Amino acid sequence: MLAAAVDETVVDQLSLTTDVNPVIDVRGAIKRYGEGDASIFALAGVDLKIMPGEYVAIMGPSGSGKSTLMNIIGALDIMTKGEYFLDGIEINSMDESALAVVRGRKIGFIFQSFNLIARTTALANVELPMAYQGIKKDERRKRALKALEVVGLAGRVDHEPTELSGGQQQRVAVARALATRPALLLADEPTGALDSKSTADLLDLFDQINAAGRTVVVITHEDDVASRARRVVRMRDGKIISDTLNKGRAA
Amino acid sequence: MRFALRGLTTNKLRTTLTTLGIAIGVASVIILIAVGNGSSKQIQASIDKLGTNTITINSTRGGFGRRAAASGSSSKPLTVSDAVALSSPINAPDIKQAAPITSASGTCTVGTSTTTPGTFYGTWPSWFEASNTTIQKGTYFTNDDVVQGRHVAVIGATTATDLFGTDNPIGQVMRCSGIPFTIIGETSVKGSNGFQDGDSLVVSPLTAVQRSLTGYNSLSSIVVEAKSAKVQDLAQTEINTIMDAQHRIKSVAKRDYRTLNQASLLATSNSNSSVFTVLLGVVAAISLLVGGIGITNIMLVTVIERTREIGIRKAIGAPKAAILSQFLIEATILSLVGGGIGVLFGYIGSNFKIIGIQPVIVPASVLLAFGVSVLIGLFFGSYPASRAASLRPIEALRYE
């Protein structure tokens with residue numbers, strides 16, 4: 001049953017995989033905070049290309065610029081200088097309202113602190129981004145229920161965040177991210193607030209999602225999380241210092 | 001919409017208090033304007049009781065005002081023949097009737113009970129209609145009573161109570177300044193017009209009062225009733241023409257009489273009470289404004305409290321307009337519900353007498369207060385809402 005649900009998303013993904021465009025194409029990204037002498041370079045020239053279906057971990061200590069890069073990839077922030085194409089769309093020149101639309105359609109976010117809307121059922125949380133896209137109620141409900149089934153929470157649709165464990169909340173967040181059928185699943189320290197059992201479950205879920213063809217980018221500083229990815233990008237001082245394939249998993 | 005509602009139910013006490021602020025504002029607008037309106041209606045009603053179509057003619061002879069001195073010895077008193085002339089249907093087509101009045105004073109007694117009527121008139125039966133006075137017990141006196149000079153009297157409720165307590169006064173005899181009068185009728189209660197008790201009243205046939213108390217020389221006034229309020233100005237002109245002819249007056253400055261028009265009294269009191277109503281309305285509008293500021297305040301707090309939620313919504317693709325409308329809807333619901341409760345309070349509150357005035361609701365004020373409260377919700381809610389909508393998602397997400 002679970003596999004069947006994932007298979008459908010594979011069909012959905014096929015249109016993307018036939019596309020030659022990379023999902024993420026960042027060229028010469030510079031992000032500077034402040035003006036003049038006091039300015040700090042959070043990104044000091046980053047080039048990154050991620051192809052459809054890839055599973056990439058971005059690693060680095062705090063202050064390395066990985067959060068800034070994630071904000072830029074996630075269209076939450078724009079770079080000072082450089083170019084960024086998300087699924088073939090030029091992002092850097094967009095205004096805030098256009099960025100909101102791009103975020104809704106192209107990116108599924110997963111945050112360290114889950115960021116579910118409080119006092120709102122799991123189902124309503126998963127439906128919310130689709131509501132902002134103007135998807136009809138019936139379709140919304142169908143897709144939300146399917147997504148919750150994929151993450152294994154079919155029996156918890158009417159629970160509010162406070163009635164769910166951390167691992168379950170994060171899986172609701174994954175369902176919310178998947179339901180919009182985004183080009184990219186972007187996870188920022190997704191296991192940072194989870195115990196080891198929930199972490200393992202979540203990483204298994206990511207494997208499954210990626211195996212179904214979805215592009216997954218995980219920002220993390222934990223080696224065991226990064227080891228599940230097929231490609232690891234390491235950052236320091238606003239630059240990429242290594243970009244390697246994970247031998248054990250690249251097969 | 002659903003999310004906006006949820007935002008409101010999250011903090012019920014706060015929502016209730018904010019709603020209450022608007023409700024009080026709206027209710028006070030409705031009630032205070034109703035009080036103003038009620039007081040104006042009350043003044044109008046008491047003037048109506050005097051008879052709105054009536055014009056009273058007084059003599060300026062005998063030292064009343066400057067004209068008395070100017071007119072000198074040539075001035076004439078008001079006489080019965082003036083009243084007869086004013087009653088002429090040919091010369092005065094717009095006058096329905098005229099009634100001469102002689103005003104007596106004195107104390108009336110029955111056994112050991114005494115009263116001093118505020119008004120003691122000798123007049124014609126036409127006075128009753130001209131002055132809008134009706135009988136609740138017994139009968140009016142007739143023209144025949146006037147011709148015969150019968151000592152009969154119609155008395156007011158206060159006079160009746162003073163003299164007879166709860167007993168029926170009809171058929172009883174009272175003595176006024178020693179002269180006996182048989183009581184044949186009691187007038188309906190008029191109430192006070194603010195200056196004097198309209199029910200402290202004795203009315204008798206003109207001839208009877210003249211013969212025994214005031215003499216035949218002069219009248220105190222003549223009450224004229226116009227055919228309708230519309231022709232009052234025409235009636236006024238006719239009065240002037242007839243009276244000038246009767247008294248041989250050559251110029252307006254030499255007139256030895258003056259007229260008092262109820263319509264002008266009414267206009268004055270109406271303008272007074274509308275000033276009163278406007279003042280009350282302004283006070284109420286201020287409280288509505290304060291209620292509106294309450295909404296802004298609460299919405300600002302709500303926005304700050306939900307900064308993180310706004311961040312999440314924006315991160316998952318909520319456009320600016322969606323956030324804006326969510327908070328605007330929330331503010332509008334607050335003011336809408338507050339306005340509704342206020343209207344309810346207003347209607348309930350208007351059922352009670354306030355400082356002796358029965359409020360009369362002005363439908364326009366209800367619409368206005370309700371409409372303004374909704375607009376206030378939109379207006380005062382728009383600032384916090386636009387602040388929420390323009391929050392940057394990364395900053396909002398970082399907010400704890």
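The buried residues of helix α8(B) pack against β2 (95-103), β5 (119-123), α6 (143-148) and β10 (201-205) of chain B, where two residues are in contact if their C-beta atoms, placed from the backbone, lie within 7 Å. The helix itself spans residues 206-214 of chain B, and its buried residues are Leu206(B), Thr207(B), Ala208(B), Val209(B) and Gln210(B); a residue is buried if 20 or more other C-beta atoms lie within 10 Å of its own, exposed if 12 or fewer, and partly exposed in between. Gly215(B), with a positive phi near 85 degrees, follows α8(B). Helices (H or I, at least four residues) and strands (E, at least two) are DSSP runs, numbered from the N terminus.

This is a predicted model, in which local features need pLDDT of at least 70 and side-chain atom pairs count only at pLDDT 80 or more, while totals for chains, interfaces and linings use all residues. Residues are numbered from 1 along each chain as its sequence is written, and chains are lettered from A and ligands numbered from 1 in the order in which they are written.

Chain A holds nine helices and 10 strands, and 45% of its 251 residues count as buried. Of the contacts in chain A between residues at least 6 apart in sequence, 70% join residues at least 24 apart.

An open sheet of six strands in chain A has the order β6-β7-β8-β3-β9-β10, with mixed pairing; two strands pair if DSSP finds at least two bridges between them. Its edge strands, β6 (107-110) and β10 (239-245) of chain A, each pair on one side only. Neighbouring strands of this sheet are turned by 15 degrees against each other on average, direction ignored. Helix α6 (residues 166-179) of chain A packs on the sheet, touching β6 and β7 (184-188) of chain A, and its direction makes about 175 degrees with that of β6(A); axes are lines fitted to C-alpha atoms, for helices over the stretch in contact, and angles run from 0 to 180 degrees between N-to-C directions. Within the sheet, strands β3 (residues 55-59) and β9 (residues 231-236) of chain A run parallel and are joined by four bridges, and Val56(A) has Arg231(A) as its bridge partner in β9(A).

The contact between the chains takes 19 residues from chain A and 14 residues from chain B. On the side of chain B that touches chain A, α11(B) gives the most, with four residues, and the classes are as follows.

| Class on the chain B side | Residues |
|---|---|
| nonpolar (Ala, Val, Leu, Ile, Met, Phe, Trp, Tyr, Cys and Pro) | eight residues |
| polar (the others, Gly among them) | two residues |
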